[in-house]
Amino acid sequence: MTAALDDSMRSSISNWISKRLEQGHAPESIIESMANDGFDKNAAMTAVHALLRGEMPGASPYEYDPGTISPDRVVHAHDRTVHVLMRVERPQIVLFDNVLSADECDHIIDMSASRLQRSATIDPATGLFEEAETRTSESLTLGISENPVIDKVERRISALINCPVENGEGLQVVRYRTGGQYMRHFDFYSPTDPGSIAHVSGGGQRTATLIIYLNDVEDGGETFFPDPDISFSPRKGQAVYFRYFNKRGQLDPATIHAGLPVLAGDKWIMNKWMRRYPIPR
């Protein structure tokens with residue numbers, strides 16, 4: 001199909017692609033289906049990949065729309081009552097208290113300590129994982145609901161941020177030793193990086209992050225957002241949520257953030273990244 005498409009047709013095609021992604025169809029099968037219906041295969045591939053990756057930050061001003069977090073000060077999240085300590089409107093940040101109990105934090109640290117490996121970042125050109133000086137930590141990714149404690153935590157997080165368990169990546173446990181840090185970065189996959197395609201093909205773009213603090217840090221290790229100039233000190237059981245993908249598919253450049261250097265002791269956190277669509281398992 002080589003004729004130019006008007007805005008209405010583009011919107012209709014985007015909605016059709018999005019619907020099938022939500023239903024769990026693989027991007028490759030959607031592209032093939034479009035090609036069989038007469039679309040140019042390269043154009044179909046471009047349309048599907050563009051929808052998966054989202055709009056490049058800065059292409060147009062990011063529009064803040066209502067997120068999925070309850071506006072209440074107290075949230076009943078599956079099996080636990082969680083209190084909202086702070087909200088930031090731009091970017092959309094929420095600080096929660098009492099997300100995990102002290103025993104749950106200790107259990108997750110104990111079950112993870114012997115399984116950690118050097119943390120990696122993603123090469124923007126190839127999409128391959130590589131060690132980098134910008135991230136000095138050890139980590140592991142837990143299996144979805146790999147044991148009863150993790151299953152309970154997964155369901156609690158899903159209820160807390162009002163996002164299906166199926167749309168979440170496995171929980172990532174991270175340990176920063178003294179001096180460890182993660183320099184300024186985005187959690188979403190850059191729409192301009194060729195290496196992003198491999199990571200958004202299963203589940204689409206990341207939409208939000210929840211960082212859960214598993215211990216109190218003796219000194220340093222704050223989560224810092226330079227745009228609003230705000231930082232959060234690690235407190236055992238608390239969590240910071242931030243959203244960077246709106247209903248238009250835009251990505252919020254104000255969510256650039258850093259894990260500041262740990263000045264004394266160790267810092268243990270657990271990351272939960274949510275996707276736009278269900279992740280194939």
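This is a predicted model: local features need pLDDT of at least 70, side-chain atom pairs count only at pLDDT 80 or more; totals for chains, interfaces and linings use all residues.

I started at Ala-102 and found it in helix H4; helices here are DSSP runs of H or I with at least four residues, strands are E runs of at least two, and both are numbered from the N terminus. Ala-102 counts as partly exposed because its relative accessible area is 43%; buried means under 20%, exposed over 50%, and partly exposed in between, with a 1.4 Å probe and protein chains only. I also checked Ala-102 against Tyr-277: 175 residues apart in sequence, 32 Å apart in space, C-alpha to C-alpha.

Residues are numbered from 1 along each chain as its sequence is written, and side-chain values use heavy atoms, with hydrogens and water left out.

**The sheet**

Next I traced the strand order. I got an open sheet of 9 strands, S1-S2-S3-S14-S10-S17-S8-S7-S4, with antiparallel pairing; two strands pair if DSSP finds at least two bridges between them. Which strands stand at the edges? They are S1 and S4 (117-118), each with a single partner strand, so one side of each lacks a neighbour in the sheet.

Helix H4 (residues 102-112) packs on this sheet and touches S7, S8 (172-176), S10 (206-213) and S17 (267-275); contact means heavy atoms within 4.5 Å. The direction of H4 makes about 95° with that of S17. Axes are lines fitted to C-alpha atoms, for helices over the stretch in contact, and angles run from 0 to 180 degrees between N-to-C directions.

S1 (residues 74-77) and S2 (residues 80-88) run antiparallel, joined by 4 bridges, and His-76 stands opposite Thr-81 in S2. Their hairpin has 2 residues between the strands, and there His-78 takes a positive phi near 60°.

S2 and S3 are antiparallel with 5 bridges, and Val-84 has Phe-96 in S3 as its bridge partner. S3 (residues 92-97) pairs with S14 in the antiparallel sense, again over 5 bridges. There I looked up Val-94, whose bridge partner in S14 is Tyr-241.

**Aromatics**

How many aromatic pairs does the structure hold? I have 6. Rings of Phe, Tyr and Trp (its six-membered ring) pair if their centres lie within 6.5 Å; planes under 30 degrees apart count as stacked, over 60 as edge-to-face and the rest as tilted. One of the pairs is Phe-188 with Tyr-244, tilted, at 5.8 Å centre to centre and 55° between the planes. That pair links distant parts of the chain, 56 residues apart: Phe-188 is in the loop between S9 (182-185) and H6 (197-200), Tyr-244 in the loop between S14 (239-243) and S15 (257-259). Phe-188 counts as buried because its relative accessibility is 7%, and Tyr-244 is buried at 0%.

Tyr-244 also pairs with Phe-242, tilted, at 5.9 Å and 55°; both of these residues are buried. I noted one aromatic cluster made of Phe-186, Phe-188, Phe-225, Phe-232, Phe-242 and Tyr-244.

For charges over rings, I required NZ of Lys or CZ of Arg within 6 Å of the ring centre and within 35 degrees of the ring normal. Arg-206 lies over the face of Trp-273 at 3.9 Å from the ring centre, and Lys-267 over that of Tyr-176 at 5.0 Å.

**Ser-137**

Last stop: Ser-137, in the loop between S6 (129-130) and S7 (138-141). Is Ser-137 buried or exposed? It counts as buried, because its relative accessibility is 5%. Its side chain makes a polar contact of 2.7 Å with that of Ser-119; such a contact is a pair of N or O atoms within 3.5 Å, where within protein one must be able to donate a hydrogen and the other to accept it, and residues adjacent in sequence count only if both atoms are side-chain atoms. Leaving out residues up to four places away in sequence, I listed Gln-117, Arg-118, Ser-119, Val-174, Arg-175 and Tyr-176 as touching Ser-137.
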